Amino acid sequence: MQLLDGTAVSAHIKAQLKTEVDILKVNGGKIPHLAAILVGNNPASEAYVGSKVRTCEELGFGSTLLRFEPSITEELLLIEVDKLNSDASIDGILVQLPLPKHIEENAIINAIDPLKDVDGFHPISQGKMMLGQPTFLPATPYGMMMMLEHYGIDVTGKHCVIIGRSNIVGTPMTILMSRNTNPGNATVTLAHSKTKNLKELTLQADVIVAAIGRPRFVTADMVKEGAIVLDVGINRIDDATRKSGSRLVGDVDFDQVAEKCSFITPVPKGVGPMTICGLMKNTLLAAKGKKALSN
Ligand code: NAD
């Protein structure tokens, strides 16, 4: 079994991005600038936004963190998004999800200028991705594809079972894995909460992508020998042995499943750091402007 080390791969990609920014600085090019919107103070969202802003600093990107009270109205938040859309110094806009229930997430995502949609959640970005046109890819699936590419894992003709059909992970991952690209060209099955024969499907899988949000849901009896397993889940469980009283686990029962795998991502330090790389690559692409994205 080989561990797919998200920390190591992301360090490698971040070094490349930093070099690109250093060159832009020398040549007087536009330095990428990411604006993040955080509504409320959900601890997980705080942690995710914090690490995105820190990564911007590490790479020499500019960043702006806009914080709003959870009581902000949808109307006011739309005005804030619009201000960022028309601010030429801002290249990428990220709205940390989830938003409070009184705000329609789609309304906010749809309001982001598609040329600044570095999370790749806008319908135009998702539509272009589906058609194979240049665009911002959703950061988590993009990060997983970079991980496969880094390790030279060829998934051509392999059966990939993706568990979870969210718009930000599972569904776009089915598109990227099945495209005629390298990595890509896999035969994909998308499983979800209404799938009846999940174990039957996963036992046929050469590649399993778990994006469910249930701790250690994928157990060893669901995985065939030699499978490649990408674990997207981030779940906090109680752990009395830890000072904090809790720890993070994925959607895969790592200790048991790892023994059967050819490759597996750990949680933490697997897919998570790759997601941030996807976001940073998109922000650099946004700073390079319309030309890089035109088609
Ligand atoms: P989600 O939470 O929106 O939806 C969960 C999906 O799991 C649904 O599509 C549902 O159909 C499916 N599902 C639920 N129960 C199932 C069952 N019994 N059998 C099969 N499918 C089932 O999905 P999400 O936003 O993609 O998040 C999934 C997990 O990934 C969460 O733990 C989230 O925190 C994590 N996540 C991690 C990253 C990262 O960077 N590592 C990024 C995004 C999400």
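**A guided look at the predicted fold**

With a relative accessibility of 14%, Thr140 counts as buried, because the limit for a buried residue is 20%. This value, like the others below, comes from a predicted model. Thr140 belongs to helix 6, which covers residues 139-150. Apart from residues up to four places away in sequence, Thr140 touches Val169, Val232, Val271 and Thr275.

The crossing of helix 6 and helix 7 is right-handed. On the side of helix 6, Pro141, Tyr142, Met144, Met145 and Leu148 take part, and they meet Pro172, Met173, Leu176 and Met177 of helix 7. Sorted by class, the residues of this contact are nine nonpolar, no polar and no charged.

A step back gives the overall setting. The chain holds eleven helices and eleven strands. Its radius of gyration is 19 Å, close to the 19 Å that the globule rule gives for 295 residues, so the chain is as compact as a globular protein of that length. Of the 295 residues in the chain, 48% are buried. Among contacts with a separation of 6 or more, 69% join residues 24 or more positions apart.

Helix 1 (residues 6-26) packs with helix 10 (residues 271-288) at an angle of about 15°, and their axes are 9 Å apart. Helix 1 is therefore roughly parallel to helix 10, since angles under 35 degrees count as such. The crossing of helix 1 and helix 10 is left-handed. Helix 1 contributes Gly6, Thr7, Val9, Ser10, Ile13, Lys14, Leu17, Glu20 and Leu24 to the contact, while helix 10 contributes Pro273, Met274, Cys277, Met280, Lys281, Leu284 and Lys288. By class, this contact of helix 1 with helix 10 comprises nine nonpolar, three polar and four charged residues.

Helix 1 also contains Lys25. Its relative accessible area of 45% makes Lys25 partly exposed, because that value lies between the limits of 20% and 50%. Leaving out residues up to four places away in sequence, Lys25 touches Ile31 and Gly60. Lys25 and Leu198 are 173 residues apart along the chain, and a distance of 51 Å separates their C-alpha atoms.

Leu84 sits in helix 3, made up of residues 74-85, and counts as buried because its relative accessibility is 7%, under the 20% limit. Beyond its neighbours within four places in sequence, Leu84 is in contact with Ala35, Ile37, Leu66, Ile90, Ile93 and Lys116. From Leu84 to Ala36 the C-alpha to C-alpha distance is 9.9 Å, and 48 residues separate the two in sequence.

Most residues other than glycine have a negative phi, and most peptide bonds are trans. The peptide bond from Leu97 to Pro98, in contrast, is cis, with omega near 5°. Pro98 lies in the loop between strand 4 (92-95) and helix 4 (105-111). Another cis peptide bond runs from Asn182 to Pro183, where omega is near 0°. Pro183 is placed in the loop between helix 7 and strand 6 (187-191).

The loop between helix 7 and strand 6 also holds Asn185. Although Asn185 is not a glycine, its phi is positive, at about 60°. Asn185 counts as partly exposed because its relative accessibility is 29%, between 20% and 50%. Lys269, likewise a residue other than glycine, has a positive phi near 75°. Lys269 is found in the loop between strand 11 (261-264) and helix 10. With a relative accessible area of 55%, Lys269 is exposed, because the value is over 50%.

How values were computed
Residues numbered from 1 in each chain as written. Predicted model: local features only at pLDDT ≥ 70, side-chain atom pairs only at ≥ 80, totals over all residues. Heavy atoms only, no water. Helix = DSSP H or I, 4+ residues; strand = E, 2+ residues; numbered from the N terminus. Buried < 20%, exposed > 50% of the residue type's maximum accessible area, 1.4 Å probe, protein only. Contact = heavy atoms within 4.5 Å. Axes fitted to C-alpha atoms, helices over the stretch in contact; angles between N-to-C directions. Parallel < 35°, antiparallel > 145°, perpendicular 65-115°, else oblique. Left-handed = near helix turned anticlockwise from the far one by under 90°. Nonpolar A, V, L, I, M, F, W, Y, C, P; charged D, E, K, R; others polar. Rg over C-alpha atoms; globule rule 2.2 N^0.38 Å.
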